[in-house]
Amino acid sequence: MSSAEEAGSILKQALAKIGVANDRTMDPFSGETSKDLDFILDVCFLVQQNQPRPIQRQLFKGLKNWIELSLKSTFRGPGAEEPPSQRRKLDSGLPEGTLLVGGGPKPDELSRVLQLLIQNPMSVYIAAAFCAEADLAPHMDVVRKVVSQLQHSDSTPELIFVFDSWPNIPIDRREIIMTCIANGGVQTALALASSDDIKNEVTDMLNERCRRFLSTPNNPTVWQTQEFESFIKVSKYGARVLATWKKDFSALPALVCGARIASTGWLIDQLNETSNIEVDKNPIFDLVLQMIDFVASEFRGCLVNYLICKMLSEPSLKRFGEHLEGRFEMKVERIGQQPIKVQPPTKQQKKPPLPLYESHIDVTFIGGAEQLKRAAEVILNSKVVCLDCEWRPEALSLDKNNTIAPSTLQIATMSSSSVVNCFVIGVTEIDSKQLEGLLGPLFGSSRIRKVGFQFAQDVKRLQIKCPGLPETITNFLDFASKNGLKNTKGFGFRSTKGMSLSTLLEIVLKKSLDKSYRISNWDRRPLRDEQLKYAAYDVLSLMEVYSLLHEN
């Protein structure tokens, strides 16, 4: 039974129960407004009890429709005149079917309706009948409370209904959209933005709010306030909303700076994990510097100040903060460091670390048409090809709605004579038609065995660059699937759930992958030697696993 059908059954039972108790025959209106209101409130109380939100929504919608049908059948028979106490508003711009009981409620009745709304904001569907012509200004505290309840619950349809059905509601829609964004209600904010004018005004309000915060003095204590936490939320979720509206971020420098600051928390966590790598070779610090370059010069100092303060507060990152101080000629006040977390000793004996995977096969970077043409001759004449992609971290993108195309495509090949080659193709600099001219025949070949690990998501990203690529690959083996692991008896595999390439290597090859450069600026050219090695080792190690499990 659907939620609408279940709601209809509950509503019929409630109406019958109340109707009998009040000596009525399924007619909620007796001609006296106060009694009608009593009846409706009684029904509302019954239908809302112990019901999940989708059922409540259908119940209140059904009750609203039932009242309208009752009016039509009772007062709109052939030749019948509509009683003055029961009339339908047709010329106020309200949705068809909006009811006005007795020309609008009396003050005490309006208070009772608003009280019902506080108890259950879902009742807005029938309350609109009483509040459509009412002066809500004296009841702003109640109205705001109801709207706030709808904002903080899964009640986006009800919130939209309030603004569309209550033309006299004295609340600015833009104000509600801003509050939704500040609370992370992106979908609700998008639903409430009903016109381009509202979208443009909210866009300006978001950028101005970020500008006001960034104009405060840059000292370490600023980044520890409640105002900063609010600023981060507005920037983060505001960027998502504006990306959906396809706004030009170059015209919103303050919001961009805020969104970048919001992204750096994740970057700093990653930097902690690679803090043993030198500053000038650290892949995460590369991303930090790139993030700084993305911010307009007007607000760049704010971002740098925040990063320095954050880094200086953590002992493992102090040298990175000092490097930024020197690079940007900025001295930041020290306010103490975070205490170093000491892990309690564990009774479990840790296993000795596995040796790192290494390969002596030469890796060729492909960055031009002629290089790709020569590589294609090797690739398309191979017996087995292993595939993988890398892309820049999505945290660097302001538009979280769009999937990022790969920066590199790694291909390891094995010929019929078991000769192995490895290519790293710079996807960003290769023409899409040329790349598709290689991958189309490769993906469609039944002769060449293609091997990957969870490569389906990589294909979707490649299709951004090459829209003509097929979604399925002929003669493809995915090591993340049961079929890929069918020859692994004796290695201890039980399930593919939670399986990663690193886990596969540890079990089959008894080696581990160095993941230090997994999160890198893969758009960087030239790639660091460590990046090139990391990219190549993913497919070279996969080729070894395939050879061991399926060739031998």
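## Close-up views of the predicted model

**Contacts of Q290 in a helix.** When neighbours within four places in sequence are set aside, Q290 is in contact (heavy atoms within 4.5 Å) with L396 and N521. Q290 belongs to helix α13, residues 283-293, where helices (H or I, at least four residues) and strands (E, at least two) are DSSP runs, numbered from the N terminus. With a relative accessible area of 16%, Q290 counts as buried; buried means under 20% relative accessible area, exposed means over 50%, and partly exposed lies in between, with a 1.4 Å probe and protein chains only. The model is predicted, so that local features need pLDDT of at least 70 and side-chain atom pairs count only at pLDDT 80 or more, whereas totals for chains, interfaces and linings use all residues. Residues are numbered from 1 along each chain as its sequence is written, and side-chain values use heavy atoms, with hydrogens and water left out.

S516 lies in the loop that runs between α19 (501-508) and α20 (529-551). Is S516 buried or partly exposed? Its relative accessible area is 22%, and S516 is therefore partly exposed. Leaving aside neighbours within four places in sequence, S516 is in contact with T274, I277 and P283. The side chains of S516 and D514 are joined by a polar contact of 2.7 Å; a polar contact is a pair of N or O atoms within 3.5 Å, of which, within protein, one must be able to donate a hydrogen and the other to accept it, while residues adjacent in sequence count only if both atoms are side-chain atoms. Q531 stands 15 residues from S516 along the chain, and the C-alpha atoms of the two are separated by 9.2 Å.

Two strands pair if DSSP finds at least two bridges between them, and strands of a sheet pair through backbone hydrogen bonds, either parallel or antiparallel. β3 and β6 pair in the parallel sense over four bridges, and the bridge partner of I366 in β6 is I425. β5 and β6, in contrast, run antiparallel and are joined by seven bridges, and I425 is also the bridge partner of L409. β5 and β6 form a hairpin with five residues between them, and S418 in its turn has a positive phi of about 70°. β6 is mostly covered, since five of its seven residues are buried.

**Parallel pairing around β7.** On one side, β7 is joined to β4 by three bridges, and the two strands run parallel; here V385 has K450 in β7 as its bridge partner. Three bridges also join β7 (residues 449-452) to β8, again in parallel, and G452 stands opposite D478 in β8.

**Two nonpolar cores.** A nonpolar core is a set of buried Ala, Val, Leu, Ile, Met, Phe, Trp, Tyr and Cys residues joined through side-chain atoms within 4.5 Å. The largest has 96 residues, of which L214, F249, I261, F285 and M311 touch the most other members. Helix α14 (residues 297-312) gives the most to this core, with 10 residues. Not counting residues up to four places away in sequence, M311 touches L271, F285, V288, L317, K318, F320, G321 and L324. Another core, of 27 residues, lies apart from the largest one, and its members include V384, M414, C422 and A480.

**A mostly covered helix, α7.** Seven of the 10 residues of helix α7 (residues 156-165) are buried. These are T156, E158, L159, F161, V162, F163 and S165. In the protein chain as a whole, 50% of the 552 residues count as buried.
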